[in-house]
Amino acid sequence: DVCTLSRLRTYDIVFDSEHYPSVSKQHCEVIFDQDEHVLHDLSRNGTLLNDRLIDQAVVLQPGDWIRLGPAGPLLRFLGQRQQRKLVSRA
């Protein structure tokens, strides 16, 4: 599962480029992989996680703040890890 943040309408979460010029055509993506949400920066303007510029893929934690570019929109990641339930069958 992939969620892409962008200024182009063909992606999942779209930002108006007039209001947010620092958002790239394909800014970043969040990939759900092996029970984790992983943030990947794809932009020229950078993606910040909790006010720190990321330079590699990073695992998101519930409550993390994502900013698209230094003055771009700020989003809060609310994802929660799913707990697996073991079912015993008799």
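Tutor: Start with Asp51, which is exposed at a relative accessible area of 66%. Exposed means over 50% relative accessible area, buried means under 20%, and partly exposed lies in between (1.4 Å probe, protein chains only). This is a predicted model, in which local features need pLDDT of at least 70, side-chain atom pairs count only at pLDDT 80 or more, and totals for chains, interfaces and linings use all residues. Residues are numbered from 1 along each chain as its sequence is written, and side-chain values use heavy atoms, leaving out hydrogens and water.

Asp51 sits in the loop between strand 5 and strand 6. A strand is a DSSP run of E with at least two residues, a helix is a run of H or I with at least four, and both are numbered from the N terminus. The phi of Asp51 is positive, about 70°, although Asp51 is not a glycine.

Now look at the strands around this loop. Two strands pair if DSSP finds at least two bridges between them. Strands of a sheet pair through backbone hydrogen bonds, either parallel or antiparallel. Strand 5 (residues 47-49) and strand 8 (residues 65-68) run antiparallel and are joined by 3 bridges. Follow one of those pairings: Thr47 has Leu68 in strand 8 as its bridge partner.

Next comes Asp64, in the loop between strand 7 and strand 8. Is Asp64 buried or exposed? Asp64 is buried, yet has no salt bridge. A salt bridge needs a side-chain nitrogen of Lys or Arg within 4 Å of a carboxyl oxygen of Asp or Glu. For charge, Lys and Arg count as positive and Asp and Glu as negative, while His and the chain ends are not counted. The nearest side chain of opposite charge to Asp64 is Arg76, 7.8 Å away.

Asp64 does have polar partners. Its side chain makes a polar contact with the side chain of Asn50, at 2.9 Å. The Asp64 side chain also reaches the backbone nitrogen of Gln61, at 2.7 Å. A polar contact is a pair of N or O atoms within 3.5 Å; within protein, one must be able to donate a hydrogen and the other to accept it, and residues adjacent in sequence count only if both atoms are side-chain atoms. Leaving aside residues up to four places away in sequence, Asp64 touches Leu49, Asn50, Val59, Leu75, Arg76 and Phe77. Touching, or contact, means heavy atoms within 4.5 Å.

Gln34 lies between strand 3 and strand 4. Those strands form a hairpin with 2 residues between them, and Gln34 takes a positive phi near 50° there. At 69% relative accessibility, Gln34 counts as exposed. Strand 3 (residues 28-33) and strand 4 (residues 36-41) run antiparallel, joined by 6 bridges. Across the pair, Glu29 stands opposite His40. Strand 4 also runs antiparallel to strand 7 (residues 58-59), with 2 bridges between them. There, Leu39 stands opposite Val58.

Now for two cysteines. Cys3 lies in strand 1 (residues 2-6). Cys3 is partly exposed, at 25% relative accessibility, whereas Cys28 is buried, at 0%. A disulfide is a pair of cysteine sulfur atoms within 2.5 Å, and the count here comes to 0. Cys3 still touches Asp12, Ile13, Cys28, Glu29 and Val30, not counting residues up to four places away in sequence.

The protein has 0 helices and 9 strands. Buried residues make up 32% of its 90 residues. Among contacts between residues at least 6 apart in sequence, 23% join residues at least 24 apart.
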